[in-house]
Amino acid sequence: MRKEIPVAIRIAQADDAQEILDIYAPYVTDTAITFVSALPSVEGIRKKMVEIKKGYPYLVCSMGGKVVGFAYADRYKPHEAYQRNAELAVYVQPGFHGRGIATALYTALFQILKSQGFSNLYALITLPNNASIALHKHFGFKELAIHKADGYKMGARRDVLWMVYRIDDVADSEAFRPPLRFSRLRDNEIETALRMATALLSGVR
Ligand SMILES: CC(C)(COP(=O)(O)OP(=O)(O)OC[C@H]1O[C@@H](n2cnc3c(N)ncnc32)[C@H](O)[C@@H]1OP(=O)(O)O)[C@@H](O)C(=O)NCCC(=O)NCCS
């Protein structure tokens, strides 16, 4: 009989930092997908996670007790005027690509961000990256612009595609409300989003 592997989309915890770093490290050292050039420490990942989780969701996908992907939202720009926006990050371990893991992570992430009251979500994609473009288009992101030769990494200038998705359905004329901080969101709203996203992965191994 085939054994069921437990799978879950859940909130990232401090103990996940090492496994998150294991996934992230090759993208830092071997690619221009992230413009981070210096490998962060486990403690660095943990500290950033704690900071992010005050205001935004930071999620992992765990399979058989191991983290195989993560996604989070973070501050877009420091100005108060931009507080309803967020910039996204999503990384899946190479051996687990194409199984719907990023889709499940984003499904939960977006439901939580919507509950918090966020508006514009941005993805900044170093080109080429067909997988990331397909993922973001799947979720309704639109291409805004290509910033030519915007970054320099691994011996070459890199073009960056900016994509945006308006997640709220609030009229622009409505009174402005700052988004709810993630740490203030009701547990049941988070649980519902995580359960729904985890269900998407049942049967995916
Ligand atoms: C981008 C990434 C997160 C996608 O994760 P994933 O779990 O493989 O994605 P999913 O299986 O959920 O697929 C999501 C969509 O992308 C498409 N897709 C996935 N890999 C693809 C590829 N190599 N080429 C084209 N489309 C691809 C899928 O077909 C699916 O679209 P559809 O449902 O409309 O058909 C993953 O490839 C990754 O970790 N890449 C390296 C890190 C990275 O690029 N992060 C984004 C930085 S901007």
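**Close-up 1. Contacts of Met 163.** Leaving aside residues up to four places away in sequence, Met 163 touches Ala 123, Ile 125, His 136, Phe 141, Lys 142, Glu 143 and Leu 144; contact requires C-beta atoms, placed from the backbone, within 7 Å. The model is predicted: local features need pLDDT of at least 70 and side-chain atom pairs pLDDT 80 or more, whereas totals for chains, interfaces and linings use all residues. Residues are numbered from 1 along each chain as its sequence is written. Met 163 lies in strand S7 (residues 156-166); helices (H or I, at least four residues) and strands (E, at least two) are DSSP runs numbered from the N terminus. Met 163 counts as buried because it has 21 C-beta neighbours inside 10 Å (buried, 20 or more within 10 Å; exposed, 12 or fewer; partly exposed in between; C-beta atoms placed from the backbone).

**Close-up 2. The shell around the ligand.** The ligand is surrounded by 21 residues, the closest being His 97, Ala 102, Thr 103, Ala 131 and Ala 134 (near: C-beta atom, placed from the backbone, within 6 Å). Two or more residues each come from strand S4 (86-92), helix H3 (101-116), strand S5 (120-126) and helix H4 (130-138). H4 gives the most, with 6 residues.

**Close-up 3. The open sheet.** Seven strands are arranged in the order S1-S2-S3-S4-S5-S7-S6, with mixed pairing; strands pair if DSSP finds at least two bridges between them. At the edges, strand S1 (7-11) and strand S6 (142-153) each pair on one side only. S4 and S5 pair in the parallel sense over 2 bridges, and Ala 86 stands opposite Leu 121 in S5.

Conventions:
Two residues are in contact if their C-beta atoms, placed from the backbone, lie within 7 Å.
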